Amino acid sequence: MVGMIRVVLAEDEVLLREGLTALLARFDFTVLDAVGTAPALREAVRAHRPDLVVTDIRMPPGQRDDGLRAAVELRAEQPGLAVVVLSQHVQPEYASALLDSADGRRVGYLLKDRVAEVTEFVDNLRTVLAGGTVVDPDVVRRLLHRPRDPLAALSAREREVLVLVAEGRSNAAIAARLHVTEAAVGKHVGNILAKLGLPPDDDTNRRVLAALTWLRANPA
């Protein structure tokens with residue numbers, strides 16, 4: 001990019017926030033605002049409309065994923081906004097949420113340890129600004145080895161049937177509820193059991209296992 005790169009920085013640890021501000025200034029980044037809470041991040045980005053946001057994930061007021069949620073929200077409001085989030089630990093679910101925001105481009109997810117590698121860190125920021133996506137290698141490894149969602153292969157109708165199975169309804173009751181034939185329900189149940197990888201066995205036990213799979217994935 002030509003000229004100074006306009007940045008809003010969000011980090012609740014004062015020393016790290018000041019250190020990042022000084023570091024960015026060395027590499028032609030202009031820090032328009034450096035804030036310590038997620039609400040302040042939203043306010044600063046809406047006021048300044050920067051080129052880039054660099055934010056921590058865990059921030060006040062909730063000290064959970066407040067910074068990440070603010071970043072995702074701001075990208076929805078400003079689709080061209082480049083965002084790099086910094087995390088203390090490898091948290092694949094947070095990386096997934098960021099990568100799913102807007103078009104999945106112009107985003108970065110880096111561990112805070114990488115900030116010490118100054119040249120690489122700055123290069124990563126410039127890659128994101130140029131339209132790229134940067135994810136810390138440790139996070140990529142965790143994403144690749146995450147357990148597969150057993151329900152991901154189910155169609156919308158199969159999920160609907162599985163919910164009713166989990167409620168303890170018979171095929172006849174499910175058919176009446178969905179206004180379809182009992183044979184159609186039987187076919188859906190068979191597909192569900194096959195997709196969940198439940199081996200041929202006593203049908204009642206397989207239905208129970210299928211119901212448990214749904215309940216584990218959707219706790220009350």
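Helices (H or I, at least four residues) and strands (E, at least two) are DSSP runs, numbered from the N terminus. The structure is a predicted model, in which local features need pLDDT of at least 70 and side-chain atom pairs count only at pLDDT 80 or more, while totals for chains, interfaces and linings use all residues. Residues are numbered from 1 along each chain as its sequence is written, and side-chain values use heavy atoms, with hydrogens and water left out.

Helix H5 spans residues 118–129 and includes Glu 120. Glu 120 is partly exposed, because its relative accessible area is 39% (buried means under 20%, exposed over 50%, and partly exposed in between, with a 1.4 Å probe and protein chains only). Asn 124 also belongs to helix H5. With a relative accessible area of 14%, Asn 124 is therefore buried. When residues up to four places away in sequence are not counted, Asn 124 touches Leu 110 and Val 134 (contact means heavy atoms within 4.5 Å).

Strand S2 covers residues 29–35, and Leu 32 lies within this strand. The relative accessible area of Leu 32 is 27%, so this residue is partly exposed. Apart from neighbours within four places in sequence, Leu 32 is in contact with Arg 6, Val 7, His 48 and Pro 50. Between the C-alpha atoms of Leu 32 and Ala 44, the separation is 8.4 Å, and these two residues are 12 residues apart along the chain.
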